[in-house]
Amino acid sequence: MSDSTPETPETSIASEVPAANNQRFAPLWDEPAPPPTRGRPARVNRAQVVDAAVAVADEHGLDAVSMRSVARALGVGTMTLYSHVPSRDHLVDAMVDRAYGDFTLPDRSLPWRPALEAYARGYFALLRAHPWLTVINTWRMPLAPNVFDADEAGFRILVDTGLSAGQVVETIGIVTQTVSGFARSAAAEDADQRSQGTDYEAYWAAQTDFWQNTFEPGRYPTMTRLWTVGAFDNGATPFELRIGALLDTIELLIAKSSAEPIPSFDDCMAAPWPEPESDCPSPTDHRDRPDTPTDTANGAKA
(Lines give C-alpha, C1' and ligand atoms only; values in the text may rest on other atoms or scores of the structure.)
Protein backbone atom coordinates (compact mmCIF):
# COMPACT_ATOMS: atom_id res chain seq x y z
CA MET A 1 0.00 0.00 0.00
CA SER A 2 1.43 3.39 -1.00
CA ASP A 3 1.70 6.30 1.38
CA SER A 4 -1.00 8.10 -0.55
CA THR A 5 -3.55 5.33 -0.11
CA PRO A 6 -6.19 6.39 2.41
CA GLU A 7 -6.38 4.27 5.51
CA THR A 8 -9.56 2.21 5.73
CA PRO A 9 -11.39 1.66 9.03
CA GLU A 10 -10.45 -2.02 8.87
CA THR A 11 -6.71 -1.36 8.66
CA SER A 12 -6.97 1.31 11.33
CA ILE A 13 -8.70 -1.05 13.75
CA ALA A 14 -6.34 -3.93 12.99
CA SER A 15 -3.28 -1.78 13.73
CA GLU A 16 -4.47 -0.62 17.12
CA VAL A 17 -3.13 -2.97 19.78
CA PRO A 18 -4.37 -2.08 23.26
CA ALA A 19 -1.80 -1.72 25.98
CA ALA A 20 -1.44 -4.66 28.33
CA ASN A 21 -3.68 -4.15 31.32
CA ASN A 22 -4.41 -6.80 33.91
CA GLN A 23 -6.57 -4.47 35.99
CA ARG A 24 -9.74 -5.47 34.14
CA PHE A 25 -9.57 -9.15 35.03
CA ALA A 26 -7.42 -9.28 38.17
CA PRO A 27 -10.35 -8.42 40.49
CA LEU A 28 -12.19 -11.50 39.24
CA TRP A 29 -9.51 -13.65 40.87
CA ASP A 30 -9.37 -11.79 44.18
CA GLU A 31 -10.83 -13.24 47.34
CA PRO A 32 -13.76 -11.23 48.76
CA ALA A 33 -12.51 -8.41 50.92
CA PRO A 34 -13.26 -8.81 54.64
CA PRO A 35 -15.78 -6.35 56.06
CA PRO A 36 -14.16 -3.24 57.57
CA THR A 37 -13.64 -3.30 61.31
CA ARG A 38 -13.87 0.47 61.65
CA GLY A 39 -16.26 3.08 60.44
CA ARG A 40 -19.70 2.66 59.00
CA PRO A 41 -20.15 -0.70 57.21
CA ALA A 42 -20.77 -0.63 53.47
CA ARG A 43 -24.41 -0.90 52.47
CA VAL A 44 -23.61 -3.51 49.82
CA ASN A 45 -20.60 -5.58 48.84
CA ARG A 46 -19.23 -6.56 45.44
CA ALA A 47 -20.92 -9.98 45.42
CA GLN A 48 -24.31 -8.40 46.09
CA VAL A 49 -23.77 -5.94 43.24
CA VAL A 50 -22.91 -8.74 40.81
CA ASP A 51 -25.80 -10.94 41.97
CA ALA A 52 -28.23 -8.06 41.51
CA ALA A 53 -26.92 -7.39 38.01
CA VAL A 54 -27.32 -11.06 37.08
CA ALA A 55 -30.88 -11.00 38.39
CA VAL A 56 -31.68 -7.93 36.27
CA ALA A 57 -30.22 -9.59 33.17
CA ASP A 58 -32.04 -12.88 33.83
CA GLU A 59 -35.38 -11.08 34.00
CA HIS A 60 -34.98 -8.27 31.49
CA GLY A 61 -31.97 -9.06 29.32
CA LEU A 62 -28.43 -7.75 29.21
CA ASP A 63 -29.41 -4.42 27.66
CA ALA A 64 -31.38 -3.65 30.82
CA VAL A 65 -28.24 -3.83 32.95
CA SER A 66 -26.79 -0.43 33.78
CA MET A 67 -25.16 0.98 36.85
CA ARG A 68 -28.36 2.87 37.53
CA SER A 69 -30.71 -0.12 37.13
CA VAL A 70 -28.56 -2.31 39.36
CA ALA A 71 -28.34 0.42 41.99
CA ARG A 72 -32.10 0.78 41.89
CA ALA A 73 -32.52 -2.98 42.40
CA LEU A 74 -30.28 -2.77 45.45
CA GLY A 75 -31.88 0.37 46.82
CA VAL A 76 -28.65 2.35 46.83
CA GLY A 77 -27.27 5.32 44.95
CA THR A 78 -25.59 4.75 41.62
CA MET A 79 -22.25 6.07 42.84
CA THR A 80 -22.19 3.38 45.53
CA LEU A 81 -21.62 0.77 42.83
CA TYR A 82 -18.48 2.42 41.52
CA SER A 83 -16.62 1.56 44.69
CA HIS A 84 -17.09 -2.13 43.74
CA VAL A 85 -17.00 -2.10 39.91
CA PRO A 86 -15.45 0.82 38.02
CA SER A 87 -17.55 0.47 34.87
CA ARG A 88 -20.34 -1.47 33.19
CA ASP A 89 -17.76 -3.49 31.25
CA HIS A 90 -16.18 -4.62 34.51
CA LEU A 91 -19.63 -5.43 35.85
CA VAL A 92 -20.52 -7.57 32.83
CA ASP A 93 -17.21 -9.44 33.18
CA ALA A 94 -18.10 -10.24 36.77
CA MET A 95 -21.65 -11.23 35.76
CA VAL A 96 -20.34 -13.73 33.22
CA ASP A 97 -17.99 -15.27 35.76
CA ARG A 98 -20.77 -15.39 38.35
CA ALA A 99 -23.14 -17.08 35.88
CA TYR A 100 -20.51 -19.64 34.88
CA GLY A 101 -20.39 -20.66 38.51
CA ASP A 102 -23.78 -22.29 37.81
CA PHE A 103 -22.28 -24.53 35.10
CA THR A 104 -22.65 -28.12 36.37
CA LEU A 105 -19.50 -29.84 35.13
CA PRO A 106 -19.30 -33.59 34.50
CA ASP A 107 -17.76 -36.09 36.88
CA ARG A 108 -14.09 -36.59 36.06
CA SER A 109 -14.45 -40.36 36.29
CA LEU A 110 -16.89 -40.62 33.39
CA PRO A 111 -15.76 -42.04 30.02
CA TRP A 112 -15.40 -39.40 27.33
CA ARG A 113 -18.79 -39.85 25.61
CA PRO A 114 -21.10 -39.60 28.65
CA ALA A 115 -18.84 -36.88 30.02
CA LEU A 116 -19.10 -34.86 26.81
CA GLU A 117 -22.86 -35.29 26.71
CA ALA A 118 -23.08 -34.19 30.34
CA TYR A 119 -20.87 -31.21 29.55
CA ALA A 120 -23.12 -30.22 26.65
CA ARG A 121 -26.27 -30.57 28.73
CA GLY A 122 -24.68 -28.60 31.55
CA TYR A 123 -23.83 -25.82 29.13
CA PHE A 124 -27.36 -25.87 27.70
CA ALA A 125 -28.81 -25.63 31.21
CA LEU A 126 -26.49 -22.70 31.95
CA LEU A 127 -27.64 -20.81 28.84
CA ARG A 128 -31.29 -21.55 29.59
CA ALA A 129 -30.87 -20.26 33.15
CA HIS A 130 -29.05 -17.14 31.93
CA PRO A 131 -30.23 -16.50 28.33
CA TRP A 132 -28.32 -13.21 28.15
CA LEU A 133 -25.09 -15.23 27.95
CA THR A 134 -25.99 -16.05 24.34
CA VAL A 135 -25.43 -12.39 23.37
CA ILE A 136 -22.04 -12.09 25.06
CA ASN A 137 -19.16 -11.76 22.59
CA THR A 138 -17.50 -15.11 23.21
CA TRP A 139 -14.41 -14.11 21.26
CA ARG A 140 -13.67 -11.75 24.15
CA MET A 141 -14.77 -13.74 27.16
CA PRO A 142 -13.48 -12.47 30.49
CA LEU A 143 -10.33 -14.16 31.74
CA ALA A 144 -12.10 -15.39 34.82
CA PRO A 145 -11.85 -18.46 37.10
CA ASN A 146 -15.30 -19.95 36.52
CA VAL A 147 -14.96 -19.48 32.77
CA PHE A 148 -11.55 -21.17 32.85
CA ASP A 149 -12.95 -24.00 34.99
CA ALA A 150 -15.54 -24.70 32.29
CA ASP A 151 -12.95 -24.63 29.50
CA GLU A 152 -10.60 -26.87 31.46
CA ALA A 153 -13.37 -29.40 32.07
CA GLY A 154 -14.27 -29.51 28.38
CA PHE A 155 -10.71 -29.97 27.17
CA ARG A 156 -10.02 -32.59 29.85
CA ILE A 157 -12.79 -34.81 28.45
CA LEU A 158 -11.04 -35.24 25.10
CA VAL A 159 -7.36 -34.54 25.76
CA ASP A 160 -6.41 -38.23 26.17
CA THR A 161 -8.79 -39.79 23.63
CA GLY A 162 -6.20 -39.94 20.85
CA LEU A 163 -7.26 -36.76 19.10
CA SER A 164 -4.62 -34.20 18.22
CA ALA A 165 -4.41 -31.06 20.33
CA GLY A 166 -5.99 -29.04 17.55
CA GLN A 167 -8.82 -31.55 17.18
CA VAL A 168 -9.54 -31.39 20.91
CA VAL A 169 -9.95 -27.62 20.81
CA GLU A 170 -11.92 -27.67 17.55
CA THR A 171 -14.25 -30.44 18.72
CA ILE A 172 -15.11 -28.72 22.00
CA GLY A 173 -15.75 -25.58 19.99
CA ILE A 174 -18.14 -27.41 17.68
CA VAL A 175 -20.02 -28.87 20.64
CA THR A 176 -20.40 -25.53 22.42
CA GLN A 177 -21.35 -23.80 19.17
CA THR A 178 -24.05 -26.39 18.59
CA VAL A 179 -25.37 -26.06 22.13
CA SER A 180 -25.44 -22.27 22.00
CA GLY A 181 -27.44 -22.48 18.77
CA PHE A 182 -30.04 -24.68 20.48
CA ALA A 183 -30.12 -22.29 23.43
CA ARG A 184 -30.64 -19.22 21.24
CA SER A 185 -33.51 -20.98 19.46
CA ALA A 186 -35.08 -21.88 22.78
CA ALA A 187 -34.80 -18.27 23.96
CA ALA A 188 -36.41 -17.08 20.72
CA GLU A 189 -39.27 -19.54 21.21
CA ASP A 190 -39.72 -18.28 24.78
CA ALA A 191 -39.97 -14.71 23.45
CA ASP A 192 -42.50 -15.65 20.77
CA GLN A 193 -44.65 -17.53 23.25
CA ARG A 194 -44.76 -14.46 25.48
CA SER A 195 -45.49 -12.01 22.67
CA GLN A 196 -47.92 -14.16 20.65
CA GLY A 197 -49.62 -16.04 23.48
CA THR A 198 -49.28 -19.37 21.63
CA ASP A 199 -47.03 -22.23 22.63
CA TYR A 200 -44.94 -24.35 20.25
CA GLU A 201 -47.41 -27.23 19.89
CA ALA A 202 -50.41 -24.94 19.39
CA TYR A 203 -48.56 -22.90 16.77
CA TRP A 204 -47.82 -25.90 14.58
CA ALA A 205 -51.24 -27.44 15.13
CA ALA A 206 -52.69 -24.29 13.57
CA GLN A 207 -50.71 -24.81 10.33
CA THR A 208 -52.67 -27.87 9.14
CA ASP A 209 -54.34 -25.93 6.32
CA PHE A 210 -50.94 -24.95 4.90
CA TRP A 211 -49.77 -28.54 4.63
CA GLN A 212 -53.02 -29.67 3.05
CA ASN A 213 -53.61 -26.85 0.58
CA THR A 214 -50.38 -24.91 -0.04
CA PHE A 215 -47.35 -27.19 0.33
CA GLU A 216 -46.23 -28.72 -2.98
CA PRO A 217 -44.58 -32.15 -2.53
CA GLY A 218 -43.24 -32.12 -6.09
CA ARG A 219 -41.31 -28.93 -5.44
CA TYR A 220 -39.74 -30.35 -2.28
CA PRO A 221 -39.21 -34.05 -3.05
CA THR A 222 -36.48 -34.60 -0.46
CA MET A 223 -38.58 -33.20 2.36
CA THR A 224 -41.48 -35.32 1.16
CA ARG A 225 -39.40 -38.49 1.18
CA LEU A 226 -38.25 -37.82 4.74
CA TRP A 227 -41.77 -36.94 5.90
CA THR A 228 -43.21 -40.10 4.33
CA VAL A 229 -40.98 -42.36 6.45
CA GLY A 230 -41.64 -40.40 9.65
CA ALA A 231 -38.37 -38.49 9.89
CA PHE A 232 -40.10 -35.49 11.44
CA ASP A 233 -42.43 -37.41 13.76
CA ASN A 234 -40.02 -37.31 16.68
CA GLY A 235 -38.09 -34.18 15.79
CA ALA A 236 -36.50 -32.10 18.50
CA THR A 237 -38.53 -29.31 20.03
CA PRO A 238 -36.96 -25.93 20.88
CA PHE A 239 -36.43 -27.04 24.46
CA GLU A 240 -34.62 -30.30 23.79
CA LEU A 241 -30.91 -30.86 23.22
CA ARG A 242 -30.33 -33.68 20.77
CA ILE A 243 -26.67 -34.26 19.99
CA GLY A 244 -26.53 -38.04 19.52
CA ALA A 245 -25.50 -37.75 15.86
CA LEU A 246 -22.79 -35.26 16.78
CA LEU A 247 -21.41 -37.60 19.45
CA ASP A 248 -21.47 -40.47 16.91
CA THR A 249 -19.39 -38.33 14.56
CA ILE A 250 -16.88 -37.50 17.29
CA GLU A 251 -16.64 -41.19 18.14
CA LEU A 252 -15.73 -41.96 14.51
CA LEU A 253 -13.16 -39.15 14.57
CA ILE A 254 -11.54 -40.62 17.67
CA ALA A 255 -11.56 -44.13 16.19
CA LYS A 256 -9.69 -43.05 13.05
CA SER A 257 -7.27 -40.67 14.77
CA SER A 258 -3.58 -41.46 14.54
CA ALA A 259 -2.28 -38.35 16.27
CA GLU A 260 0.73 -38.33 18.54
CA PRO A 261 -0.15 -38.29 22.26
CA ILE A 262 -0.49 -34.83 23.76
CA PRO A 263 2.29 -34.22 26.34
CA SER A 264 1.24 -34.61 29.94
CA PHE A 265 1.08 -31.64 32.28
CA ASP A 266 4.09 -32.92 34.21
CA ASP A 267 6.11 -33.27 31.00
CA CYS A 268 5.23 -29.72 29.98
CA MET A 269 6.12 -28.27 33.37
CA ALA A 270 9.36 -30.26 33.63
CA ALA A 271 10.66 -29.19 30.24
CA PRO A 272 13.15 -26.29 30.12
CA TRP A 273 11.67 -23.11 28.71
CA PRO A 274 11.77 -23.00 25.79
CA GLU A 275 12.35 -26.61 24.75
CA PRO A 276 11.56 -27.23 21.06
CA GLU A 277 11.59 -31.01 21.42
CA SER A 278 9.04 -31.04 24.25
CA ASP A 279 6.10 -29.84 22.10
CA CYS A 280 5.31 -27.51 24.98
CA PRO A 281 5.80 -23.82 24.07
CA SER A 282 7.02 -21.48 26.77
CA PRO A 283 4.64 -19.24 28.73
CA THR A 284 6.08 -16.28 26.80
CA ASP A 285 5.11 -17.97 23.54
CA HIS A 286 1.53 -18.29 24.81
CA ARG A 287 1.40 -14.63 25.79
CA ASP A 288 2.64 -13.54 22.37
CA ARG A 289 0.07 -15.59 20.46
CA PRO A 290 -3.36 -14.08 19.77
CA ASP A 291 -5.05 -17.47 19.82
CA THR A 292 -4.74 -18.20 23.51
CA PRO A 293 -6.53 -21.30 24.86
CA THR A 294 -9.48 -19.29 26.15
CA ASP A 295 -9.74 -17.25 22.94
CA THR A 296 -9.97 -20.41 20.85
CA ALA A 297 -12.33 -22.31 23.12
CA ASN A 298 -14.72 -19.53 23.94
CA GLY A 299 -14.70 -18.05 20.48
CA ALA A 300 -16.60 -21.06 19.30
CA LYS A 301 -19.36 -20.43 21.85
CA ALA A 302 -20.85 -17.71 19.81
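Is Tyr220 partly exposed or buried, and what is its relative accessible area? In this predicted model, Tyr220 is partly exposed, with a relative accessible area of 34%. The close-up views below start from this residue.

**View A. The ring pair of Phe215 and Tyr220.** Eight aromatic pairs are found in a search of the whole structure. In the pair formed by Phe215 and Tyr220, the ring centres lie 5.6 Å apart and the planes meet at 20°, so the pair counts as stacked. Planes under 30 degrees apart are assigned to that class. Tyr220 itself has a relative accessible area of 34%, which lies between the limits of 20% and 50% and therefore makes the residue partly exposed.

**View C. Packing of helix α2 against helix α5.** Helix α2 covers residues 46-60 and helix α5 covers residues 88-100. Their axes are 9 Å apart and the packing angle is about 80°. The two helices, α2 and α5, are therefore roughly perpendicular to each other. On the α2 side, the contact is made by Arg46, Val49, Val50, Asp51, Ala53, Val54 and Ala57. Helix α5 contributes Leu91, Ala94, Met95 and Arg98. By class, the contact of α2 with α5 holds eight nonpolar and three charged residues, and no polar ones.

**View D. Helix α11 and the glycine after it.** Helix α11, residues 221-228, is hardly covered. Among its eight residues, the count of buried residues is zero. Gly230 follows α11 and has a positive phi, near 80°.

Note on methods. Residues numbered from 1 in each chain as written. Predicted model: local features only at pLDDT ≥ 70, side-chain atom pairs only at ≥ 80, totals over all residues. Heavy atoms only, no water. Buried < 20%, exposed > 50% of the residue type's maximum accessible area, 1.4 Å probe, protein only. Helix = DSSP H or I, 4+ residues; strand = E, 2+ residues; numbered from the N terminus. Axes fitted to C-alpha atoms, helices over the stretch in contact; angles between N-to-C directions. Parallel < 35°, antiparallel > 145°, perpendicular 65-115°, else oblique. Contact = heavy atoms within 4.5 Å. Nonpolar A, V, L, I, M, F, W, Y, C, P; charged D, E, K, R; others polar. Phe/Tyr/Trp six-rings, centres within 6.5 Å; stacked < 30°, edge-to-face > 60°.
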